[in-house]
Structure formats: structure tokens, C-alpha cells
Amino acid sequence: MTEKTNPKPEETKIGVYVCYCGGNISDVVDVEKVAEKMREHPNVTIARTDMSMCSDAGQSIVENDIKELGLNRVVIGACAPSLHEHTFRGTVARGGLNPYFFHHVGLREQDSWVHSNNPGGATEKAIRLMYAGIAKANLLKPLDMIKLKAERHALVIGGGVAGLRAAYDIAGRGINVTLIEKTPFLGGRMAQLETVFPTGNNAREDLHSLINEVRTHPLITIHTLSELVNIRGYIGNYDVQIRSQSRGVSGDNAEAALAACTQEVPDDFNYGLTKRKVVYRAYEGCFPSTPAVDWEHYDGKPIEIDGQKVIFENKKKTFDLRIGAIVIATGFQPYEPPRGDYGYDELPEVVTLPQFIRHMGLRDGNVGELTWKGHPVRDIAAIHCVGSRHLAGVHEPQPDGILNNYCSRVCCTATLHQVNELLDEYPNINVYDFYEDIRTYGLEHESYYTEASKKMVRFLRFHGDQRPEVVAAPEGDTHPVLVKGKDYLTNGLEVEVPVDLVILAVGMVPRPVDDLVDMMKIPKGDDRFLLEVHPKLRPVETPVPGIVLAGTAQSPMNIQESCNAASAAAAKVAVLLAAGQVELDPYVANVDLDKCEGTGACIEVCEYEDAIVLETMTVEGKEVQRAVVTPANCSGCGNCVSACPHHAIDVQGWEVAHYEAMVDAITMEVEI
Amino acid sequence: MNETTTTKEPKILILATLSGGYAGADYVGQQHLNYSTNTSILPVRCPSMFSTEFYIKAFEKGIDGIIVMYSGTDSPFKGGPERTAVMVDQTYKKMGELGINIKRLKLAAICTVCKKPFLKQVNEMNETLNEIGFVQDELADQGKDK
């Protein structure tokens, strides 16, 4: 497929294609005008437009043109190259051309989407950028990808349900997996649930069945209390450094230490509803079953075990791994309302939904009457969208300046699922459900709403800018708390509902992972969740090759969706690593031996060991020194390019001459 | 192709790294934030490849302002940011010798989600160019002085 020689400029036959992108580009840029201008270029054989160049039909047009018109270069103006450059290289290759005889011009993210206020200017810019693309295409040379061994070993960061699912699926494809979990125990948020929708299964039973599969899998190694502290390298060959903390207690003294420990702290597993010791298990039946010391809270004082005073020591260790690909499954945390919001943290009768779920789980088998802090519960209000769907100008931004304007999606179904379970057990309780919109999306999830209606849950609808207010009831009132608001199901009727307990259906926020973001150079979205390359076309990939996302680190998801995403991430990793080698773009330095004088200036500025060396060779009967590049060691940074006094070295595919030609095109005056 | 625009405006070339500024520019697009159309963004692996000669030629061809949006400490290339800084510094000296206002060249670290810094750089370069005018006028003035 690779052409042996670079066609001479006069033989260049370029096909130019400008994508409407379903209106994303053409709503701003006059795409037909751009194509019309391209046809005026002497090297352009054909210029076409299409509604969607990335579609099968769009790609077929290019393939056919290459074959029928003898095109030897292709330039496509479309969305960002990060999305479809790879797609179109495949298109060009199927047409019979070297895939590097293609240049992608980004006309969406860097033109139509940023110049919607100036369609004329955007069209002129599109013409300018396309001309620059043609200028580069004229100079392109055929290249072959570099094949490198890829480590058949994946790193999964996060031991919640998404990380576990991804680890198991990757290992199932015969690839080694190292799973690291920052806390002492596996299971993540799912372990804190009681029953899960849509199956109604016990959450921890489902979770433990997955944990058992993972911990007994011969290809999976688990490290709890461990986190990534350094990463270098590239897809197929990441060198990572993991730092592990010790559990502080071991099999010999673990149970005795647990029994002897007296220092207590709020139990984060129960969202602070109870206390636990600083030597602890997250819950009975957790994995690993060995207790661990809570290093964040341990006061460092000795604990008497079997007559001996013992001070626990956190013996940290670091170890290195060579990894082919990485799955980030760092999960979420429930939104914590600020003090006073809906009475949270001020009125003892106001809890979040996760706290209420833990409260239900903590009951000691007494199902006769639901109580809260010793008082019977007869009337409950549930309030939706707490920490979600905030409106600019109405709600205060979060401490980091960001407004939680997104919908956390899961809370509506989770709330109604919990309410239905509650009413199955306590049919005499009255539930008042204050909602903005009910979004029980998903197959048959609507049934949670209809079931709640049948169970006589009273639904009251508020507007986003008129959310209900939760206040303490006057002394002597029948109930401790009043929920006040307007119900738009009854034409904005003012309501005041006395209740014993208020449940806040809080949204999801991502766990803070700025350290990972900085290390891996992966982007976050405006909502702080990690950002995929494309929500539809590349839904689990990050822009960094070989690093993929799984679960709620990416966006709010329920358990079903988290597992789907994790399996998708695992499939992506398997595709990358299954062959044991990865193909990298051949963008490495290349020496023009006719120009090289052997000055060694390139070597002086090269930071990569053995990427360039001087070798002795015979030129016109004389022994001379010339620079020689070892592609596997070269990063293609181009330090050497600016250093060479004879312009004898360049980066393949990204040559200085390409840029000079593009600058020529950009500076050309264009009229539309 | 030899046509002219009705309203001449300064031309800004943005050399943006794939690991930084170019992805940042894509992110600005995803947020649908507006900036001026006189910008041409070219993707680069690492701007350490550009010599002083390249920058000077670009100015001579009519590029009024160049923003090198590199990846700074986020760069995946060892020594790349440092080499870039050296080359830009050398270029400033050459610009001074040639009478080209050094404000026309700017080195800025832009990350993949740096939407505000990206817009700030573009807006500031536009303000600078509105203040100091076209490069070719500047070069013509230098020619007269000689």
C-alpha cells in the first residue's frame, strides 16, 4: 500500500472534502462556498461537500474518488482531528493510498463553534485553513507506522463496582491486571447500598459475588491502600509508580487490635450516623477482611494488646510497574449540602438519601415502627435535585466557583426505589415527594413512579427557582419540621407540610482527582467529571492514548451504566493490548544525509538516550560522521530540528517546510 | 486565489501543541465560546522545532502576531519546553535587531482545558496588534530608516 516515492508537485491530485457535520459546521460556515474556492486551487482535482463525511456514505465517496480519479492526497475539513483523523486515515488506506497522504483540518471546534457570531469571518477562516491544509498535503510523504511491543498488563484505578467490573473483564481476555484502591477495602459506594434497582437484589451480595470473581482471578493483583504517584511513557509502555500504605495490623494481631482499640471517629461508611474505631473494618463481610488502621485519624497513641503497648506504624512502600493501558474508575461522592441548605446540618431531622439508606441498613431487625433518633416517623418529605440542576443567578456556585447545573440522573429513580421499599415495610407512613421533574429514565424505571403513585405518595412539583424551604416547626407542633413551598401541580398553591423526617435526594459529584488529572494530562469537563473524547463516538477514551474511563468518574451513572461503561473500557483496553504490540504514528526525526555535515548539534539538544548518534560512513570516498536516528528511541519532539545549522533533520509528517507552506497559505489574501 | 479582503485585519498565527494549546482550543470550541476569526491555529507536536528563522520568515510573510501555545510543564517531551523557551528568547533578540516589535511573539502555556487563558491570550494579542499595527508597516518603516 505504501508508495515508494513522493509524487512530484505537478503530479499532485488532491481531493478536498468539506463536511456539513449535520449542521454543526454548515450552520455557521458557508460550506458550499468553501468547496467552491477549493476548486480554484490548481492542485485540487475535486472538492466536494457532504452532510457527514465520517458516515459510511461519506467515507465511500472519498474511497471511490481515490480509485476513480486517481487522487494521491486527501484533505478533509470536519470536526476536530482528535475525533476522526484516525477514521479518515483508514478511509484513505481503503482507497489504496498511504494513510499519511491525508490531512485533517478542524473546522468545527476551531471555527464554526467559536465564530457563530461572525459567519462571514468563519467562512473566510475555513477557506484559509483549508488552503493551509492543501499546502501541507502537497508536501506529504508516505510513512509507515512504528510497531512497538505493548505490555499486556492493565492498571485499574479504583476498586468500586466499575473498577472491579473492568478488571474482571480485562483479565477475562487474558491480560494481566493490577487493581489499586486508595482505601483499605474494595466495593466503593455500592457497598453502602442495601437493595439496588432494577433487580431489587441485595447490593452487597451482588458486589461480593463480583469481588470474589476478581480476587480469585489468577491474572488480577489487588493492592488496597494504594495510589498512583508517578507516570511516564506512552500507550503500551507506561512506567507507573504506585505508593502503598500498610494496613497497620496483620493477621496475628488484627483481631486483638480491633478489640483493644478505643479511639473512635465518625464512621464514613455510615455517612457520620455512627462512630467506628480507628482500627476498623468498613462493614462485616468486607474484603479484605483484615482490619486496617485509619491513618488519617489515628492519634498515634499506643494501644494495649495482650498486655503490650503497641504503636501502629504506617510503613509506606513504592513499587514500579510497566503498564500497557490504564482504566480510571475513581468514582463519585454524594453531594454534601452546605450547612443550612434545606435545614441540613442544622435540623437533626434532615438527612441525605445516602444517609437514609444507611439508616435503613443499620436497623436492628425492628420492623414494627420506623424511628429517627428515637422518635417515631409517620410523615416523610423527599426533596429532589439537591445539589443538581442549579440555576445561574438563583443558586450560589460551589466553593470552587462552579455551579452544579447538571442533572445527576440517578437520584429520581434511587429516591422512588427507596420510597417504595420503605412503604412496603411501613405502609402507614405518609410520603410527600417534592420534585422539579421526575426523571426515572431507563427500561421500566417509569414503573417506580407509577408504583409510588399507587402507594399514595403525594407528589408536589416545584420550579427550579422556587425550591421548597425546610424550617423547624413551632414548639408544641405535632411534627418537628415544616416543608414549605409552591405546588405547581395545583396551580402554585402554597403548601406547608409537617413532617418527621426530610430526605434530600442529593446529586453526585466526582471524587477529587486533581492529582491524577495533573499527572496524566487528562481533561475535566465544566462539571468537574473526567471528560471523554466524544460522548457518542469515543465514549470511554480520554485524549491520552491508552487511558480510558469507567463509571462515575466520568459522569453520574447508576450501577447498570457504570458496569456497561466499565465493560466498554475493558473492551477498549483489550483491543489495544491483545496483540501484544501497538502501532504508533511514525512521527520521529529523520536525517537528510545529503545535507547532514555531522556537526552533532542535534545530539547536543536531544534529551532521549540513543535517539540520535553519529555514525561513520563513507561519502564520495571519504569517511565522514553523519547523524543517524533510532526511531524506537525518538519521541519526535523536534528539539534537533531547530538546532541543525544545515536544516538536515526534520520530524516526519511535521516538517518545517509544511509549516512554511501553511504560513504562505494563511497569509494569502482571500475574498469570499 | 489572488484576491483581497475588503477589511484588512491583523493575522494571528497560533502554534498550538497537541498535548496543550490545540486540545485547549478544541475545548474552547466545545464550550461554544467566541473569539476573533483572524486566528489560524496550526497543530504542533512541540514548538521546540521552530528556529528563529521560521518566526522571522512568518513575520516577513505578513503574520502580525504569533502565539506559541505550548504545554509548559505538561509537555510529554523531555526538554521540549525549555528548548522552545530558548528559541523564542533568541527570536526576541533577532526581532529587536530587525525592528520587529517583540510583543508580536508570545509564549504561553495552555493546557487541554485552559479555556480562559486561551481566550485571554487571543484577546490580548488582538489588543496589542490594534495598538502597534501591521507587521508589514513596521518592516516598511524599518526599510525607510535604512
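Start by selecting residues 161–171 and 203–215 of chain A: these are helices α6(A) and α7(A), packed at an angle of about 40° with their axes 9 Å apart. The axes are lines fitted to C-alpha atoms over the stretch in contact, and the angle, taken between N-to-C directions, can run from 0 to 180 degrees. Helices here are DSSP runs of H or I with at least four residues, strands are E runs of at least two, and both are numbered from the N terminus.

This is a predicted model, so local features need pLDDT of at least 70 and side-chain atom pairs count only at pLDDT 80 or more, while totals for chains, interfaces and linings use all residues. Residues are numbered from 1 along each chain as its sequence is written, and chains are lettered from A and ligands numbered from 1 in the order in which they are written.

Back to the helix pair. α6(A) and α7(A) are oblique to each other, since angles under 35 degrees count as roughly parallel, over 145 as roughly antiparallel, 65 to 115 as roughly perpendicular and the rest as oblique. Show side chains for Val161(A), Leu164(A), Arg165(A), Ala167(A) and Tyr168(A) on α6(A), then for Leu207(A), Leu210(A), Ile211(A), Glu213(A) and Val214(A) on α7(A); these make the contact. (Two residues are in contact if their C-beta atoms, placed from the backbone, lie within 7 Å.) By class, that is eight nonpolar, no polar and two charged residues. Ala, Val, Leu, Ile, Met, Phe, Trp, Tyr, Cys and Pro count as nonpolar, Asp, Glu, Lys and Arg as charged, and the others, Gly among them, as polar.

Next, pick α3(A), residues 81–94. Its 14 residues should span 20 Å at 1.5 Å a residue, and the end C-alpha atoms, 19 Å apart, agree with that; the expected span is 1.5 Å times one less than the number of residues. Which residues of α3(A) are buried? Color Pro81(A), Ser82(A), Leu83(A), His84(A), Glu85(A), Phe88(A), Arg89(A), Thr91(A) and Val92(A). Buried means 20 or more other C-beta atoms within 10 Å of a residue's own, exposed means 12 or fewer, and partly exposed is in between, with C-beta atoms placed from the backbone. The cover over these buried residues includes α2, β3 and β4 of chain A, together with α1 of chain B.

Most residues other than glycine have a negative phi, and most peptide bonds are trans.

- Zoom to Phe197(A) and Pro198(A): the bond between them is cis, with omega near 0°. Pro198(A) is in the loop between β8 and β9.
- Phe287(A) to Pro288(A) is a cis bond too, with omega about -10°.
- Asp345(A) has a positive phi near 70° and is partly exposed, with 13 other C-beta atoms within 10 Å.
- Glu444(A), with a phi of about 65°, lies between β26 and α11 and is exposed, with 9 other C-beta atoms within 10 Å.
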